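Hello,

Here is the structure I promised to pass on to you. Please have a look at it first, and then read my notes below.

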Amino acid sequence: MSYDKSKPLTKRNVIEFLRDCGIEVKTNTKARGNQGLYQKNRIDLSRNIKDDKAISVLVHEFAHHIHYKIDKDFVKNGGSLENLFDTKDISEIKSELVQVTRLTDKNSRLTVFLNAKEETAKTIKGMQNAIKRDYPNFLRSKKFSEFEKKIYKKL
């Protein structure tokens, strides 16, 4: 199996390559609300994406296939980046992967998660500031004796 470089890079050619690798490719699915989905030697490609975007999604899902081949825990818990890269310090690699995911998939759960995380942090900060107006010594990181006293009085 080798890729014929004289062929133009099209959705059909990428799918053909993946099938030559023994991967089942389904192109008429909703991919569980994602653009693409990899599951144990099968790639589901959403029928709702354009052909030029489909190529990057297929390549992304193929990367998951490679990860699965190297790290069988991938299916249970998403696998480990340490198994893919020969280093224990993968913080820079994680940062780059997050940037790639954000660039290629605006609808990814990662983006939704990061947005929700940011909103939650803002809400917590707002609540903390509201509490500090009445209790200037309040710290989230420590027990606050004034609250403890009021809680135990009510019990």
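**How the two helices meet**

The axes of helix H1 (residues 11-20) and helix H2 (residues 51-70) come within 9 Å of each other and cross at roughly 20°. That makes H1 roughly parallel to H2, where angles under 35 degrees count as roughly parallel, over 145 as roughly antiparallel, 65 to 115 as roughly perpendicular and the rest as oblique. Axes here are lines fitted to C-alpha atoms, for helices over the stretch in contact, and angles run from 0 to 180 degrees between N-to-C directions. Helices (H or I, at least four residues) and strands (E, at least two) are DSSP runs, numbered from the N terminus.

A word on the source: this is a predicted model, in which local features need pLDDT of at least 70 and side-chain atom pairs count only at pLDDT 80 or more, while totals for chains, interfaces and linings use all residues. Residues are numbered from 1 along each chain as its sequence is written, and side-chain values use heavy atoms, with hydrogens and water left out.

Which residues bring the helices together? On the H1 side they are Lys11, Val14, Ile15, Phe17 and Leu18, and they meet Asp51, Ala54, Ile55, Leu58 and Phe62 in H2; contact means heavy atoms within 4.5 Å. By class, this set divides into eight nonpolar, no polar and two charged residues (Ala, Val, Leu, Ile, Met, Phe, Trp, Tyr, Cys and Pro count as nonpolar, Asp, Glu, Lys and Arg as charged, and the others, Gly among them, as polar).

**The sheet**

Three strands form an open sheet in the order S1-S3-S2, with mixed pairing; two strands pair if DSSP finds at least two bridges between them. S1 and S2 stand at the edges with a single partner strand each, so one side of each is left without a neighbour in the sheet. From one strand to the next, the twist averages 20°.

Strand S1 (residues 24-29) runs parallel to S3, joined to it by four bridges; lysine 26 has aspartate 44 in S3 as its bridge partner. Strand S2 (residues 36-39) is also joined to S3 by four bridges, but these two run antiparallel. Across that pairing, tyrosine 38 stands opposite isoleucine 43 and glycine 36 opposite leucine 45. The hairpin of S2 and S3 has two residues between the strands, and lysine 40 takes a positive phi there, near 35°.

Strand S3 (residues 42-46) has four of its five residues buried, so it is largely enclosed by the rest of the structure. Buried means under 20% relative accessible area, exposed over 50%, and partly exposed in between (1.4 Å probe, protein chains only).

**Helices against the sheet**

In H1, Asn13, Val14, Ile15 and Leu18 are buried, and the buried residues of this helix pack against S1, S3 and H2. Glycine 22, which follows H1, has a positive phi, near 90°. H2 lies across S1, S2 and S3 and runs at about 20° to S2.

Is histidine 65 buried or exposed? Histidine 65 is buried, with a relative accessible area of 5%. Leaving aside neighbours within four places in sequence, histidine 65 is in contact with Ile23, Tyr38 and Asn41.

Best wishes
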